Amino acid sequence: MIDKIALTLLIIGGINWGLVGIFKFDLVAFLCGGQTGVISRIIYIIICLCAIWCITLLFKDTTNANSITDNSTK
């Protein structure tokens, strides 16, 4: 569950960076009172923590989970 939340927030953060890169528009800063606003900074920190969490997904062994679901369908 936490993996899906982290990935969702990371995708939203990536879209925000895409907006910054393409249109020079920071949606988080626009909605939360500028880049230096407290709420904006909290959101940036949460996205950063999600990115760090998602690094662990690269090293997660999913072979056991796949074999369990394959056996249950037989």
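Leaving out neighbours within four places in sequence, Ser40 touches Val28, Ala29, Cys32, Gly33, Gly34 and Gln35, where contact means heavy atoms within 4.5 Å. Ser40 sits in helix α3; helices here are DSSP runs of H or I with at least four residues, strands are E runs of at least two, and both are numbered from the N terminus. With a relative accessible area of 0%, Ser40 is buried. The label "buried" stands for under 20% relative accessible area, "exposed" for over 50%, and "partly exposed" for what lies in between, using a 1.4 Å probe and protein chains only.

A word on the model itself: it is predicted, so local features need pLDDT of at least 70 and side-chain atom pairs count only at pLDDT 80 or more, while totals for chains, interfaces and linings use all residues. Residues are numbered from 1 along each chain as its sequence is written, and side-chain values use heavy atoms, with hydrogens and water left out.

Stepping back to the whole chain, the secondary structure amounts to 4 helices and 0 strands, which read along the sequence as α-α-α-α. Of the 74 residues in the chain, 16% are buried. Among contacts with a separation of 6 or more, 44% link residues 24 or more positions apart.

Helix α1 has 22 residues and spans 31 Å from its first C-alpha to its last, close to the expected 32 Å at 1.5 Å a residue. That expected span is 1.5 Å times one less than the number of residues in the helix. The buried residues of α1 are Asp3, Ala6, Gly13 and Asn16. Viewed down the axis of α1, these buried residues fall within an arc of 150 degrees, so they line one face of the helix; the arc is taken from the directions running from the helix axis to the C-beta atoms. That buried set packs against α2 and α3 (38–58). The face of α1 turned away from the buried side carries the exposed residues Lys4, Ile11, Ile15, Ile22 and Phe23.

Just after α1 comes Lys24, with a positive phi of about 55 degrees even though Lys24 is not a glycine. Lys24 belongs to the loop between α1 (2–23) and α2 (27–32), and at 78% relative accessibility it counts as exposed.

The UniProt record, an unreviewed entry, lists residues 7–30 and 42–59 as "transmembrane region"; its positions are given in the numbering used here, feature names are shortened, and annotations may be inferred rather than shown by experiment. In the model, residues 7–30 are 88% helix and 0% strand, with the end C-alpha atoms 23 Å apart. For residues 42–59 the figures are 94% helix and 0% strand, and the end C-alpha atoms lie 27 Å apart.

That leaves the cysteines. A disulfide is a pair of cysteine sulfur atoms within 2.5 Å, and by this rule the count is 0. Cys50 is in no disulfide, the nearest cysteine sulfur being that of Cys54 at 6.5 Å, which is too far for a bond. Cys50 is buried at 9% relative accessible area, and Cys54 also counts as buried, at 10% relative accessibility.
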